[in-house]
Amino acid sequence: MKVLVIHDNCSSGGGTNIYRKKISKLLEKEGVKIFIFTYSAEDENKEICYSYRYSPGIKFIRYIKYNYINIPLFIALRRWIKKIKPDIIHIHHNYIFPNTILLACRNKAPIVQTVHDYRLLCPIATGVKKTNREICNNKGFGISCYFEGCISLRDFILQFIPKKINKYLLKKVVTLFITPSMFMKNAMKDYGLDALFIPFGIDYSKYPVATPDNQKNIVLFIGDLYRSKGVGILLKAFSNVLSTIPNASLDIVGDGPEKGELENECKILQIESNVNFYGRVLYEETLDFYYRANIVVLPSIVVENSPLSIYEAMASAKPVIGSRIGGIPELIVDEETGLLFTPNDAEELSKKILNLLKDKEKAEKMGMAGRKRVEMQFSQQEFLQEYLTVFNRLVKDVK
């Protein structure tokens, strides 16, 4: 079987690329041949990867290309499909030239699209209102996006027709959508698109289970440093934690545009000596951070789908404190494998952190419950078999 993987940026960090690479490697071990079409390649091997280079061009032409049709891209992708003759086309992120990609793939092979985040449904990709930061109940792009203050009237007018075209193409061109959370599956259904729920699987044997050092109080965050991840809220909460547990430390692993601002916030809060910024590290190196942490925190302030850091923390037998938003509550069983808190509420988050740092026995018990949950429900082999079953069925249906 040959699978063409389409992904906007194969050289970027983040959970989507980890997911993409993971499923591709697992499929390759089963004898599946993987090909790639991208705009930014991690692997420049032209036998398996086509990296399309594009230039923005003048404003009006750029608008047409991004929102309607990019002819050179259409031709390039059609030629690549003709050359490799894929049995399945697997789309991950498709946000730069979405309509062109769908048109180029139409009727060439069964198309599977894994929905990794909320951008398919929300014009600002957050799932929360700009005005009051409350969770948005809108069912996809519409005039309410303007009235909620999320986009300008000009942007609404410019995006209205392309978004309608995109929804039509998604319905007509994509054979099957896959979501790693029930939250996203239900959101897709509200938008008018059916999806299959396949949670992420993890090789938990690679994550050593360690008894936390009770003399230490290490809080860990792993992720990209964007405002949406809520690290600013975590810093405020951690400042409160230090007034009770002055020897606590916060390890922040990841990089992003907010790093400088977050470092400055640490100075303002006078907590810089207790906060360690490690920047982006290799995926394999994150094991050490999970190993020595007492608890892991995911303080997202926007809708998350199914964050990989929670799977990894549970595999490492660490309790997780996460925002009560999106697909996070599906992974964290409150008061069993971790704790949930209200997004943007630094005071509540600080109480949750103190709860687990003060009661190490409770934290350890939660961590072991999380590990057991991963072993029982999120095995890598089951994850692979779900995808293989889907791909084989679609190929068989075509024949």
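User: Why does C136 count as buried?

Analyst: The model is a predicted one. The relative accessibility of C136 is 16%, and buried means under 20%; C136 therefore counts as buried.

User: How do you know that C136 is in no disulfide?

Analyst: The structure holds zero disulfides. For C136, the nearest cysteine sulfur belongs to C150 and is 6.1 Å away, whereas a disulfide requires a pair of cysteine sulfur atoms within 2.5 Å.

User: What makes C266 buried or exposed?

Analyst: C266 has a relative accessible area of 1%. The limit for a buried residue is under 20%, so C266 is buried.

User: Why is I34 called buried, and where does it lie?

Analyst: I34 lies in strand β2, which covers residues 33-40. Its relative accessibility is 5%, and with the cut-off at under 20%, I34 therefore counts as buried.

User: Which residues is I34 in contact with, leaving aside its neighbours within four places in sequence?

Analyst: With those neighbours left aside, I34 is in contact with V3, V5, S24, L27, E28 and I48. Contact here means heavy atoms within 4.5 Å. As for V3, it is 31 residues from I34 in sequence, while the two C-alpha atoms are 5.1 Å apart in space.

User: What makes Q380 a buried residue, and which helix holds it?

Analyst: Q380 is placed in helix α15, residues 380-398. At 17% relative accessibility it falls under the 20% limit, so Q380 counts as buried. Leaving aside neighbours within four places in sequence, Q380 is in contact with K22, L26, G201, I202 and D203.

User: How do you know whether the radius of gyration of the chain agrees or disagrees with that of a compact globule?

Analyst: For 399 residues, a compact globule would have a radius of gyration near 21 Å. The chain has 22 Å, so the value agrees with that expectation. Along its principal axes, the C-alpha trace spans about 60 × 50 × 35 Å.

User: What describes the chain as a whole, in elements, burial and contacts?

Analyst: The chain has 15 helices and 13 strands. Of its 399 residues, 52% count as buried. Among contacts with a separation of 6 or more, 69% are between residues 24 or more positions apart.

Technical notes: Residues are numbered from 1 along each chain as its sequence is written. This is a predicted model: local features need pLDDT of at least 70, side-chain atom pairs count only at pLDDT 80 or more; totals for chains, interfaces and linings use all residues. Side-chain values use heavy atoms; hydrogens and water are left out. Helices (H or I, at least four residues) and strands (E, at least two) are DSSP runs, numbered from the N terminus. Buried means under 20% relative accessible area, exposed over 50%, partly exposed in between (1.4 Å probe, protein chains only). The radius of gyration is taken over C-alpha atoms; the globule rule is 2.2 Å times the number of residues to the power 0.38.
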